[in-house]
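I opened my notebook to walk through this protein with you. Here is what I looked up, entry by entry.

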Amino acid sequence: MNANENIAMAEQILAYTFNDKLLCAEALQMAAPTTFLVVNNNFEGVKNNKRLAVLGDVALAQALCKMWYQATDGAGQLQPPGAWTELRNDILGNANLSRVGESLGLGRIIVMSEGNGGHASPRMLATTVEAMAGAVY
(Lines give C-alpha, C1' and ligand atoms only; values in the text may rest on other atoms or scores of the structure.)
Protein backbone atom coordinates (compact mmCIF):
# COMPACT_ATOMS: atom_id res chain seq x y z
CA MET A 1 0.00 0.00 0.00
CA ASN A 2 1.18 3.51 -0.76
CA ALA A 3 0.89 5.54 2.47
CA ASN A 4 1.94 8.88 0.99
CA GLU A 5 -1.66 10.03 0.46
CA ASN A 6 -2.62 9.09 4.03
CA ILE A 7 0.41 10.97 5.36
CA ALA A 8 -0.44 14.04 3.29
CA MET A 9 -4.03 13.96 4.58
CA ALA A 10 -2.81 13.58 8.18
CA GLU A 11 -0.52 16.58 7.74
CA GLN A 12 -3.43 18.59 6.34
CA ILE A 13 -5.72 17.56 9.22
CA LEU A 14 -3.11 18.47 11.83
CA ALA A 15 -1.76 21.52 9.99
CA TYR A 16 1.66 20.04 10.74
CA THR A 17 4.41 18.80 8.42
CA PHE A 18 6.30 15.73 9.58
CA ASN A 19 10.04 15.83 9.02
CA ASP A 20 10.01 12.05 9.46
CA LYS A 21 7.16 10.69 7.32
CA LEU A 22 7.74 7.21 8.76
CA LEU A 23 6.59 8.45 12.18
CA CYS A 24 3.33 9.60 10.65
CA ALA A 25 2.94 6.28 8.81
CA GLU A 26 3.53 4.45 12.10
CA ALA A 27 0.92 6.63 13.85
CA LEU A 28 -1.66 5.59 11.23
CA GLN A 29 -0.74 1.88 10.99
CA MET A 30 -3.19 -0.51 12.68
CA ALA A 31 -3.27 -3.30 10.10
CA ALA A 32 -0.75 -5.64 11.74
CA PRO A 33 2.16 -5.69 14.19
CA THR A 34 4.30 -4.76 11.17
CA THR A 35 3.08 -4.06 7.67
CA PHE A 36 4.88 -2.96 4.55
CA LEU A 37 3.98 0.44 3.15
CA VAL A 38 5.39 2.68 0.47
CA VAL A 39 6.61 5.85 2.18
CA ASN A 40 8.56 8.42 0.15
CA ASN A 41 8.92 5.91 -2.71
CA ASN A 42 10.55 3.33 -0.40
CA PHE A 43 9.02 0.03 0.65
CA GLU A 44 9.19 0.18 4.46
CA GLY A 45 8.30 -2.19 7.28
CA VAL A 46 6.13 -0.03 9.54
CA LYS A 47 5.29 -1.04 13.11
CA ASN A 48 1.76 -0.52 14.42
CA ASN A 49 0.85 2.59 16.35
CA LYS A 50 0.62 1.13 19.86
CA ARG A 51 4.02 2.38 21.09
CA LEU A 52 3.43 5.85 19.68
CA ALA A 53 0.00 5.87 21.35
CA VAL A 54 1.65 5.29 24.74
CA LEU A 55 4.04 8.18 24.09
CA GLY A 56 1.19 10.40 22.92
CA ASP A 57 -0.93 9.54 25.95
CA VAL A 58 1.89 10.66 28.26
CA ALA A 59 2.63 13.80 26.22
CA LEU A 60 -1.04 14.81 26.21
CA ALA A 61 -1.34 14.12 29.94
CA GLN A 62 1.75 16.21 30.67
CA ALA A 63 0.45 19.18 28.68
CA LEU A 64 -3.00 18.94 30.24
CA CYS A 65 -1.58 18.55 33.75
CA LYS A 66 0.50 21.68 33.34
CA MET A 67 -2.62 23.64 32.36
CA TRP A 68 -4.55 22.15 35.32
CA TYR A 69 -1.72 23.00 37.72
CA GLN A 70 -1.74 26.63 36.66
CA ALA A 71 -5.54 27.00 36.46
CA THR A 72 -7.73 28.71 39.01
CA ASP A 73 -11.48 28.73 39.49
CA GLY A 74 -13.70 31.81 39.25
CA ALA A 75 -12.66 32.87 42.76
CA GLY A 76 -8.95 32.63 41.97
CA GLN A 77 -8.48 29.37 43.89
CA LEU A 78 -6.12 26.66 42.63
CA GLN A 79 -7.72 23.47 41.38
CA PRO A 80 -7.78 20.56 43.87
CA PRO A 81 -6.09 17.24 43.03
CA GLY A 82 -9.46 15.56 42.53
CA ALA A 83 -10.21 17.98 39.73
CA TRP A 84 -7.15 16.67 37.87
CA THR A 85 -8.47 13.13 37.84
CA GLU A 86 -11.87 14.22 36.54
CA LEU A 87 -10.32 16.51 33.92
CA ARG A 88 -7.90 13.82 32.73
CA ASN A 89 -10.64 11.21 32.45
CA ASP A 90 -13.00 13.59 30.62
CA ILE A 91 -10.49 14.93 28.13
CA LEU A 92 -8.02 12.07 27.67
CA GLY A 93 -10.44 9.18 28.07
CA ASN A 94 -11.07 6.97 25.05
CA ALA A 95 -14.64 8.24 24.60
CA ASN A 96 -13.50 11.83 24.08
CA LEU A 97 -10.40 10.91 22.07
CA SER A 98 -12.62 8.81 19.80
CA ARG A 99 -14.89 11.83 19.25
CA VAL A 100 -11.83 13.95 18.46
CA GLY A 101 -10.59 11.37 15.96
CA GLU A 102 -14.01 11.17 14.34
CA SER A 103 -14.36 14.96 14.10
CA LEU A 104 -10.89 15.23 12.51
CA GLY A 105 -11.72 12.53 9.97
CA LEU A 106 -8.89 10.24 11.03
CA GLY A 107 -10.98 7.14 10.39
CA ARG A 108 -10.59 7.51 6.64
CA ILE A 109 -6.76 7.52 6.78
CA ILE A 110 -6.02 4.81 9.34
CA VAL A 111 -4.20 1.89 7.75
CA MET A 112 -6.24 -1.11 8.90
CA SER A 113 -6.73 -4.75 8.00
CA GLU A 114 -9.29 -5.81 5.43
CA GLY A 115 -11.33 -7.39 8.23
CA ASN A 116 -12.40 -3.96 9.45
CA GLY A 117 -14.20 -3.25 6.18
CA GLY A 118 -12.77 0.25 6.12
CA HIS A 119 -14.54 1.24 9.34
CA ALA A 120 -12.45 2.45 12.28
CA SER A 121 -13.82 1.50 15.70
CA PRO A 122 -13.99 4.08 18.50
CA ARG A 123 -10.97 2.45 20.13
CA MET A 124 -8.98 2.63 16.89
CA LEU A 125 -9.80 6.33 16.59
CA ALA A 126 -8.76 7.03 20.20
CA THR A 127 -5.51 5.11 19.81
CA THR A 128 -4.72 6.91 16.55
CA VAL A 129 -5.29 10.32 18.17
CA GLU A 130 -2.80 9.34 20.88
CA ALA A 131 -0.36 7.99 18.30
CA MET A 132 -0.58 11.15 16.21
CA ALA A 133 0.16 13.19 19.33
CA GLY A 134 3.13 10.91 20.03
CA ALA A 135 4.42 11.31 16.48
CA VAL A 136 4.18 15.10 16.70
CA TYR A 137 5.81 15.07 20.14
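I worked from a predicted model, in which local features need pLDDT of at least 70 and side-chain atom pairs count only at pLDDT 80 or more, while totals for chains, interfaces and linings use all residues. Residues are numbered from 1 along each chain as its sequence is written, and side-chain values use heavy atoms, with hydrogens and water left out.

**Entry 1: the overall picture**

I found six helices and two strands in the protein. Read from the N terminus, the order is α-α-β-β-α-α-α-α. The C-alpha trace spans about 55 × 30 × 25 Å along its principal axes.

Of the 137 residues, 36% are buried.

I also checked contacts, meaning heavy atoms within 4.5 Å. Among those with a separation of 6 or more, 53% join residues 24 or more positions apart.

For charges, I counted Lys and Arg as positive and Asp and Glu as negative, without His and the chain ends. Each charge was placed at NZ of Lys, CZ of Arg, CG of Asp or CD of Glu. The 9 positive and 12 negative charges have mean positions 4 Å apart.

**Entry 2: helix α2**

How many of the residues of α2 are buried? I got six of eight, so α2 is mostly covered. They are Lys21, Cys24, Ala25, Glu26, Ala27 and Leu28. I see them packing against α1, β1, β2, α3 and α6.

At the start of α2, a side-chain oxygen of Asp20 comes within 3.0 Å of the backbone nitrogen of Leu22.

**Entry 3: helix α3**

Helix α3 covers residues 50-70, 21 residues in all. I took its expected span as 1.5 Å times one less than its number of residues. From first C-alpha to last, α3 reaches 31 Å, close to the 30 Å expected.

Its buried residues are Leu52, Ala53, Gly56, Ala59, Ala61, Leu64 and Trp68. Their cover includes α2 (21-28), α4 (81-92) and α6 (122-136).

Leaving aside neighbours within four places in sequence, Thr128 is in contact with Ala27, Leu28, Met30, Asn49, Leu106 and Ile110. With Asn49, there is also a side chain to side chain polar contact at 3.4 Å. By polar contact I mean a pair of N or O atoms within 3.5 Å; within protein, one must be able to donate a hydrogen and the other to accept it, and residues adjacent in sequence count only if both atoms are side-chain atoms.

Ala126 is also found in helix α6, and counts as buried at 0% relative accessibility. With neighbours within four places in sequence set aside, its contacts are Asn94, Leu97 and Ser98.

**Entry 4: Leu37 in strand β1**

Leu37 sits in strand β1 and is buried, with a relative accessible area of 1%.

**Entry 5: loops and backbone angles**

Most residues other than glycine have a negative phi, which made me look for exceptions. Ala15 has a positive phi of about 55°; Ala15 lies in the loop between α1 (4-14) and α2 and is exposed at 69%. Asn41 has a positive phi near 65°; Asn41 lies in the loop between β1 (34-39) and β2 (42-47) and is exposed at 69% relative accessibility.

Which loop holds Gly118? I found Gly118 between α5 (94-104) and α6, exposed with a relative accessible area of 59%.

Conventions:
Helices (H or I, at least four residues) and strands (E, at least two) are DSSP runs, numbered from the N terminus. Buried means under 20% relative accessible area, exposed over 50%, partly exposed in between (1.4 Å probe, protein chains only).
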